[in-house]
Amino acid sequence: MRLSLEVLPTKLLGSGTSSLTTSLLALVPRGTRVYLPSLPGDAPAAMGAALAHLHASAPHVEPVPHIAASRVPSEAELLRRLDSWQEACSNQLSEVLVVRGDEGAHDTAAHGNPASPRPSGGPFATTLDLLESGALARRGVETVGLCGHPEGIGATVSTGEGIVHLKGKTAALRRAGQQPRIVTQICFDAERATGFVDALRAAEEEAPVSLGL
């Protein structure tokens, strides 16, 4: 079993938490994915600084920054961010996690609800919009994480409906020559979590799945 972690960029950069977080990361196996959420209140440069910190202090881990699609103001800005992230990682960044980025909710819990999208001031109202732009592939991203929801998305989108929308995203990635990875929201119900994976496989979706526990 390969585990992954989620660490807030502010925890990596904060004066009171940086050394402790770095010390803990030193204990994890080589190749462990470290997901870095993109939160609305973070400074624009926080993600790049967190990636540079990880690259220097924990080069054995695989950083996976989140991109909140609906909060990207323009494709040009997305490309600029990806360029800066690659520079921070010595051009070794190969994976990101794309979420829709609903305002007022943690990204991984809010992403992917096509029935009630939040307004977007930029070009990407949904995750699929961003994927189909081709920007990630043009900047060397080989694997893209997508959010899975074993318990559905609120009262509006069932687990089955979510899988249908998820398959549209994985298909878009494969057409672009990229590899999808499904990362689920936290789920404490083992039957629901394993049932979600079974439903994905029954729908002929073979992307790797990382369960949030």
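Modeller: Happy to! Cys89 is buried, with a relative accessible area of 4%; buried means under 20% relative accessible area, taken with a 1.4 Å probe and protein chains only. Cys187 counts as buried too, at 3% relative accessibility. This is a predicted model, where local features need pLDDT of at least 70 and side-chain atom pairs count only at pLDDT 80 or more, while totals for chains, interfaces and linings use all residues. Residues are numbered from 1 along each chain as its sequence is written, and side-chain values use heavy atoms, leaving out hydrogens and water.

The structure holds zero disulfides, a disulfide being a pair of cysteine sulfur atoms within 2.5 Å. For Cys187, the closest cysteine sulfur is that of Cys147, and because 14 Å lies between the two sulfurs, they are too far apart for a bond.

Now to the packing. A nonpolar core is a set of buried Ala, Val, Leu, Ile, Met, Phe, Trp, Tyr and Cys residues joined through side-chain atoms within 4.5 Å. The largest one has 39 residues, and Ile67, Leu130 and Leu136 have the most contacts inside it. Helix H4 (residues 75-88) gives the most to this core, with five residues; helices are DSSP runs of H or I, at least four residues, numbered from the N terminus. A second, separate core of seven residues includes Tyr35, Val64, Leu97 and Val99.

Key. Buried < 20%, exposed > 50% of the residue type's maximum accessible area, 1.4 Å probe, protein only. Helix = DSSP H or I, 4+ residues; strand = E, 2+ residues; numbered from the N terminus.
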